[in-house]
Structures are given as C-alpha cells and as structure tokens.
Amino acid sequence: MGLIMYHARLGALVPALTNFALHAPVLGIVLKKLGGVHPDRKAPTFSAETFRGWFARRPRVNAGSAKVVLFPDTFNNHFHVDVARATCEVLEAAGFEVIVPSKILCCGRPLFDYGMLNQARRLFEQVLATLRSEIAEGLPMVVPEPSCCASFRDELTELLPHDLDAQRLAQQTYTLGEFLQQHAPDWEVPGSERDVLVQSHCHHKSIMGMDGEQGVLQRMGVEPRMPPTSCCGLAGSWGFEEEKYDISMQCGEQVLFPAVRDASPETVILADGFSCRTQIMQGTDRRAIHLAQFLKAERADSEVSLPDHLPERAFTDEPDLAALYRRGAMQAGGLVAAVLGLAAVAVKRRWSLSDRS
C-alpha cells in the first residue's frame with residue numbers, strides 16, 4: 001500500500017478490469033486478504049479516465065493570464081477525478097491559466113507511513129527536476145489533497161534541507177482555499193445559503209491551518225461548522241490494515257461519525273482529504289465533497305447543481321457495480337483473447353521455423 005502511486009498507474013491502464021478484480025465478491029476478498037486489508041473495507045474505484053487524460057484533451061483556457069500549477073496527486077488523478085476537475089475549473093473561473101506537470105509525479109506521502117524515506121526522497125527530487133522552470137518563475141502550485149500539500153510544505157524541506165528549489169516550492173505550494181484567499185481576493189466567489197459541516201484533515205490543520213478554507217466559505221456567505229473531530233481514523237492506508245480496522249472505526253465514532261449522522265439531509269458535508277471522504281463514506285450513510293466541488297456547484301453557470309436533499313449526490317453516487325462487473329468482464333475477456341491470440345501466433349511461428357529446418 002505504500003507503493004500505491006505505482007499500483008494506481010498500472011490499474012489505470014485497464015480500469016474496468018481492475019475495478020472488477022477489486023470489487024468482485026470472491027476475488028476481491030482474496031485480494032484483500034493477500035494485501036492485509038480488512039474485509040469490511042471497500043477498495044476505492046478507479047475512474048474510467050484519469051484527470052491528466054481529461055486535462056490533456058481540453059482546449060487551452062485563459063491563455064495569457066496568470067498561471068498556476070495544479071498538482072494532480074495519485075488519489076485525485078486516479079480515483080476522485082471529480083475533485084481535480086473541479087479544482088481546475090474553479091481556478092479557471094477565478095481567471096487563471098491552469099497548467100499541470102509534464103510528467104506523472106508523486107509527493108511520496110504513502111511511502112512515509114512505511115519508512116521508505118529513500119524512495120520518497122527520490123520522488124521529491126523528480127518533482128523538483130520536472131518543475132524546475134515553474135519554480136524559478138515563481139508560479140504558485142495548488143494541491144487539492146491536504147496530505148500531499150503538507151508533504152511539500154513540511155517533509156520536502158526535511159528530506160532535502162539544503163536544496164534551494166525545495167525551499168522555494170514549499171513556499172509556493174497552497175491548498176485551494178489558501179490560494180484563493182491570497183491570490184484571488186477580488187474574485188467574486190459564488191454565494192451560498194447552505195448549512196455546511198466541515199471535517200478538517202489532520203495534516204491540513206497541523207501544517208497549513210484552516211484559515212484559507214474558512215475565509216473562502218465566509219466569502220460565500222457560509223458560517224461553517226467545524227466540530228473538534230481530531231483524526232477521522234483512516235489516516236491513509238493505516239485504517240485499511242486488518243489489525244487496525246477496529247481502532248480506526250472507534251476513532252471515527254468519537255466525534256466525526258455522530259456529527260455526520262446528526263447533520264440534516266440538506267447539510268453539505270465538506271472534507272478535502274481523500275482519507276476523510278473515504279472514512280465518512282464507509283462509516284456513515286452520507287458522503288462528503290471537496291471545497292472545489294462546492295464552489296463549482298454553487299456557481300450560477302455551473303452544469304452541476306447540488307440537490308437540496310443529500311447534496312453530495314451531485315458528485316458522489318455509488319458506482320453501478322453491475323455495470324462495473326460487466327465492463328470488467330468484457331475487458332478481461334478482451335485481454336484473455338489478446339493473450340491467446342499472441343500465443344497462437346507464437347506457436348504458429350515456431351512450427352513454421354521447425355518445418356523450414
């Protein structure tokens with residue numbers, strides 16, 4: 001699980017087949033057992049298209065305007081793609097031209113949990129090498145995932161203390177809320193009269209603070225409720241591990257789960273962290289959305305609108321497992337047919353060579 005940045009890239013090559021394997025009743029259980037994952041944990045669902053794939057086929061927007069780098073982390077590039085898309089669209093609505101790194105990059109956050117610091121250092125070095133010109137130009141970088149943003153603000157300079165570009169990138173990295181408060185203070189944010197409950201991500205609170213997000217919500221006319229939830233209990237891959245599942249759910253039951261369950265069906269539940277959204281989804285009957293999705297949906301010209309009842313359904317409906325299984329089975333069948341075809345060609349070629357000899 002510490003190497004999810006590589007596994008996700010492989011899974012994204014055949015997302016339907018990967019989803020089929022992870023969610024199939026028998027095969028999914030076997031894979032969880034092999035991976036040390038608790039049987040009650042649901043595997044995240046791969047998106048049919050990565051954020052980078054979506055971004056690459058779009059026309060250029062706001063050409064010539066001030067630029068901002070959007071860092072598509074592993075989770076929002078492969079799983080919660082709507083979050084990265086919404087972040088991109090909000091930044092463009094605020095008047096910026098969004099660019100993404102030329103290569104697939106990772107901050108190395110999952111590696112820290114398993115002590116793979118040398119590998120994490122190499123990933124940081126790859127980030128610095130890829131973004132060298134953007135760093136020199138002083139371009140701000142927005143990171144939708146709080147844990148990844150915290151990596152650039154904290155661990156980056158700890159692992160590379162003498163690298164000046166590491167120091168610069170740490171200072172140029174923002175959450176969406178921070179960026180909008182500091183770089184787009186005059187942007188007319190969409191107004192909202194909704195009741196909003198916010199789950200504050202641990203790294204977000206401890207490294208960046210919640211002032212940026214709270215400021216943006218207040219600009220929208222929202223007075224958010226932020227219960228003292230502490231950790232949601234998932235903490236990346238920690239709460240997925242079989243021997244830690246019970247403690248993980250107990251952490252959620254301290255404050256977060258009761259607060260979510262007590263929220264009215266009209267309340268918007270915000271959680272910028274992938275882990276927090278996953279924990280809420282698997283520990284309650286509600287879903288949470290990212291600040292970017294809330295901003296996007298509340299814009300008057302948005303193609304997405306939040307329903308009054310369970311507003312998160314605009315973004316976070318459960319995947320159609322039946323359709324997922326059908327697509328996975330078709331992709332598996334195609335893959336098997338391709339392998340058999342290649343094997344047949346190889347056998348025929350070998351026979352042909354044997355006949356000539």
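Contact here means heavy atoms within 4.5 Å. Among contacts in the chain between residues at least 6 apart in sequence, 76% join residues at least 24 apart.

The model is predicted, so to speak of a local feature takes pLDDT of at least 70 and side-chain atom pairs count only at pLDDT 80 or more, while totals for chains, interfaces and linings use all residues. Residues are numbered from 1 along each chain as its sequence is written, and side-chain values use heavy atoms, with hydrogens and water left out.

**Whole chain**

Start with the chain in cartoon view. Its secondary structure comes to 19 helices and 6 strands; helices (H or I, at least four residues) and strands (E, at least two) are DSSP runs, numbered from the N terminus. Of the 357 residues, 51% are buried. Buried means under 20% relative accessible area, exposed over 50%, and partly exposed in between, with a 1.4 Å probe and protein chains only.

**The sheet**

Select β1 to β4. These 4 strands form an open sheet in the order β2-β1-β3-β4, with parallel pairing. The edge strands, each pairing on one side only, are β2 (97-99) and β4 (173-174). Two strands count as paired if DSSP finds at least two bridges between them. Strands of a sheet pair through backbone hydrogen bonds, either parallel or antiparallel.

Now show V69 in β1 (residues 67-70). β1 pairs with β2 in the parallel sense over 3 bridges, and the bridge partner of V69 in β2 is I99. β1 also pairs with β3 (residues 141-142), again in the parallel sense, over 2 bridges. In β3, M141 stands opposite V69.

**Helices α10 and α11**

Select residues 146-159 for α10 and 164-172 for α11. The two helices pack at an angle of about 165°, with their axes 8 Å apart. Axes are lines fitted to C-alpha atoms, for helices over the stretch in contact, and angles run from 0 to 180 degrees between N-to-C directions. α10 and α11 are therefore roughly antiparallel to each other. Angles under 35 degrees count as roughly parallel, over 145 as roughly antiparallel, 65 to 115 as roughly perpendicular, and the rest as oblique.

The crossing of α10 and α11 is left-handed. A crossing is left-handed if the near helix is turned anticlockwise from the far one by less than a right angle, and right-handed if clockwise. Show side chains: F152, R153, L156 and T157 in α10 meet A166, Q167, L169 and A170 in α11. The residues of this contact divide into 5 nonpolar, 2 polar and 1 charged. Ala, Val, Leu, Ile, Met, Phe, Trp, Tyr, Cys and Pro count as nonpolar, Asp, Glu, Lys and Arg as charged, and the others, Gly among them, as polar.

**Helices α6 and α18**

Move to α6 (81-93) and α18 (291-298). Their axes come within 8 Å and cross at roughly 55°. α6 and α18 are therefore oblique to each other. On the α6 side the contact is made by D82, V83, A86, T87, E89 and V90, and on the α18 side by A292, Q293, L295 and K296. By class, the residues of the contact of α6 with α18 are 5 nonpolar, 2 polar and 3 charged.

**Helix α17**

Which residues of α17 are buried? Select 274-283: 9 of the 10 residues of α17 are buried, so the helix is largely enclosed by the rest of the structure. The buried residues are F274, S275, C276, R277, T278, Q279, I280, Q282 and G283. Their cover includes α5 (74-78), α6, α15 (245-254), α16 (256-262) and β6.

**Helix α14**

Next select residues 211-219, where G212, E213, G215, V216 and L217 of α14 are buried. These pack against α12 (176-183), β5 (196-198), α13 (202-208), β6 (268-270) and α18. Q218 lies in the helix too, but counts as partly exposed at 39% relative accessibility. After α14 comes G221, with a positive phi near 95°.

**Two loop residues**

Most residues other than glycine have a negative phi. N62, not a glycine, has a positive phi of about 60°. N62 is in the loop between α4 (51-56) and β1 and is partly exposed at 24% relative accessibility. Finish at A235, in the loop between α14 and α15. Phi of A235 is also positive, near 55°, and A235 is partly exposed at 38% relative accessibility.
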